[in-house]
Amino acid sequence: MIYTHVAAALLGAAIAATGAWQTQNWRLGGQIAALEAKHAADLAQAQKATRTAEKAVNAKYQGAINAARTREARLRSDIDHLNAVSDGLRSQAADAARRLADAPPPPSLSTPLPSTPYTTTAAEDMERWQQKLQATRLMSEPSARPGP
């Protein structure tokens with residue numbers, strides 16, 4: 001009989017332990033479910049923030065790429081312009097070199113200066129030309145009517 005009581009007591013303790021275990025399981029299961037829900041919400045919020053940051057970085061990166069392409073296009077245009085100017089200058093330099101090669105030699109430093117200044121010679125030439133012009137018939141005989 002005592003064994004029956006001990007068995008009944010053990011059975012009751014086992015049932016109580018099982019009930020306590022089950023209650024603890026339900027309580028912890030609820031806590032785990034609440035933590036999983038909070039974790040899922042935090043994860044969703046973090047993913048949203050990450051996507052927003054990623055879009056901002058991509059937009060900034062794309063803007064930098066576009067600006068770099070624009071600068072590259074401008075620089076290429078400047079290089080083409082400078083090459084064209086350089087080619088023109090080379091052509092002008094070659095023309096100048098050809099003209100210098102065809103030019104007469106410069107006067108020697110030992111060549112003496114003329115004895116009469118240029119202004120005196122030019123004045124004498126103008127006077128002589130004026131006398132020749134005055135000696136023509138048209139200039140010496142006034143005409144009553146203009147023209148020939």
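Is Asp87 buried, exposed or partly exposed? Asp87 is partly exposed, because its relative accessibility is 45%, between the 20% and 50% cut-offs. This value, like the others here, comes from a predicted model.

## Overall layout

The protein chain has 148 residues. It contains three helices and zero strands. Along the sequence, the pattern reads α-α-α. Helix α1 covers residues 2-102. Helix α2 covers residues 118-134. Helix α3 covers residues 137-140.

## Confidence

The mean pLDDT of the protein chain is 83. A score of at least 70 is reached by 89% of the residues. Among the elements, helix α2 has the highest mean pLDDT, at 89. Helix α3 has the lowest, at 65.

## Surface

How much of the protein chain is made up of buried residues? The share is 0% of the 148 residues. The accessible surface of the chain comes to about 13,700 Å². Carbon and sulfur atoms account for 65% of that surface.

The whole structure holds five salt bridges. One of them joins the side chains of Arg90 and Asp87, at 2.8 Å from N to O. The distance counts as a salt bridge because it falls within 4 Å. Both residues lie in helix α1, three residues apart. That spacing is about one turn of the helix. Arg90 counts as exposed because its relative accessibility is 52%, and the cut-off for exposed is over 50%.

Another salt bridge links the side chains of Asp95 and Arg98. Here the N to O distance is 2.1 Å. What separates these two residues along helix α1? About one helical turn does, because Asp95 and Arg98 are three residues apart. Asp95 is partly exposed, with 29% relative accessibility. Arg98 is also partly exposed, with a relative accessible area of 48%.

Which residue forms a salt bridge with Arg128? The partner is Asp125, and the closest N and O atoms are 2.4 Å apart. Both residues belong to helix α2. They are separated by about one helical turn, because they sit three residues apart.

Arg128 has 42% relative accessibility, so it counts as partly exposed. Asp125 has a relative accessible area of 21% and is partly exposed.

Note on methods. Residues are numbered from 1 along each chain as its sequence is written. This is a predicted model: local features need pLDDT of at least 70, side-chain atom pairs count only at pLDDT 80 or more; totals for chains, interfaces and linings use all residues. Side-chain values use heavy atoms; hydrogens and water are left out. Helices (H or I, at least four residues) and strands (E, at least two) are DSSP runs, numbered from the N terminus. Buried means under 20% relative accessible area, exposed over 50%, partly exposed in between (1.4 Å probe, protein chains only). Accessible areas come from the Shrake-Rupley method with a 1.4 Å probe; for residues, only the protein chains shown count as cover. pLDDT is the predictor's confidence in each residue, from 0 to 100.
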